[in-house]
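Hello,

Here is the structure I promised to pass on to you. Have a look at it first, and then read my notes below.

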Amino acid sequence: MRVALATDHAGFILKRPILDWLRSAGHEVVDFGVDSGAEPVDYPDVIAPAARAVASGDCERGIVLGGSGTGEQIVANKIRGIRCVEASDAVTARLGREHNDANMLAMGARIIGREVALACLSEFMTGEFQGGRHARRVDKISALEKDQG
């Protein structure tokens, strides 16, 4: 699977473990930056291109990292076709996939550590959308996006 990965300076500490996990699981990673945690970067500048890659179908899923994950989730969800779940526990990450057909995962390096981040990533990447009653709800989310023009 082709996966977009983007982080701001605050999330950079989680980038290498996430990148390594994705590659070891056989995924192709498209890196939208950053390459260092030393210089501050405005997270919309790196998150939006990653979300656009997922929305266009160039990437099937996306992982975005920041200090809290909140701003990154907000930016990603501004892109039509994105359903980004912010997770600080593996259950939320899994349910985002199973119930909401989330195609992006946001996490905060100042909130969770490496082990929790990898547990969230594993659940998100291996989770499957359950469809059924959840599909009806996801369809309603898509309809809301269309209404907004």
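**Helices across the sheet**

Helix H2 (residues 44-56) lies across E1, E3 and E5 and runs at about 165 degrees to E1. Helix H1 (residues 12-24) lies across E1, E2, E3 and E5, at about 170 degrees to E1. In these names, helices (H or I, at least four residues) and strands (E, at least two) are DSSP runs numbered from the N terminus. Axes are lines fitted to C-alpha atoms, for helices over the stretch in contact, and angles run from 0 to 180 degrees between N-to-C directions.

Before you go further: this is a predicted model, in which local features need pLDDT of at least 70 and side-chain atom pairs count only at pLDDT 80 or more, while totals for chains, interfaces and linings use all residues. Residues are numbered from 1 along each chain as its sequence is written, and side-chain values use heavy atoms, with hydrogens and water left out.

**The sheet**

The open sheet has 5 strands in the order E2-E1-E3-E5-E4, with parallel pairing; two strands pair if DSSP finds at least two bridges between them. Strand E2 (28-31) and E4 are at the edges with a single partner strand each, so one side of each has no neighbour in the sheet. On average, neighbouring strands here are turned by 20 degrees against each other, direction ignored. Strand E1 (residues 2-7) runs parallel to E2 and is joined to E2 by 4 bridges; Ala4 has Val30 in E2 as its bridge partner.

**Helix H1 and its partner**

Which residues of H1 are buried (under 20% relative accessible area, with exposed over 50% and partly exposed in between; 1.4 Å probe, protein chains only)? They are Leu14, Lys15, Pro17, Ile18, Leu19 and Leu22, and they pack against E1, E2, E3, E5 and H5. Contact here means heavy atoms within 4.5 Å. The axes of H1 and H5 come within 10 Å and cross at roughly 35 degrees. Where the two helices meet, H1 contributes Leu14, Pro17, Ile18, Trp21 and Leu22, and H5 contributes residues including Leu118, Leu121 and Met125. After H1 comes Gly26, with a positive phi near 90 degrees.

**Helix H4**

In helix H4 (residues 90-100), Ala93, Gly96, Arg97 and Glu98 are buried. Their cover includes strand E3 (61-66), strand E5 (104-108) and helix H6 (133-147). Just after H4, Asp101 takes a positive phi of about 50 degrees.

Happy browsing!
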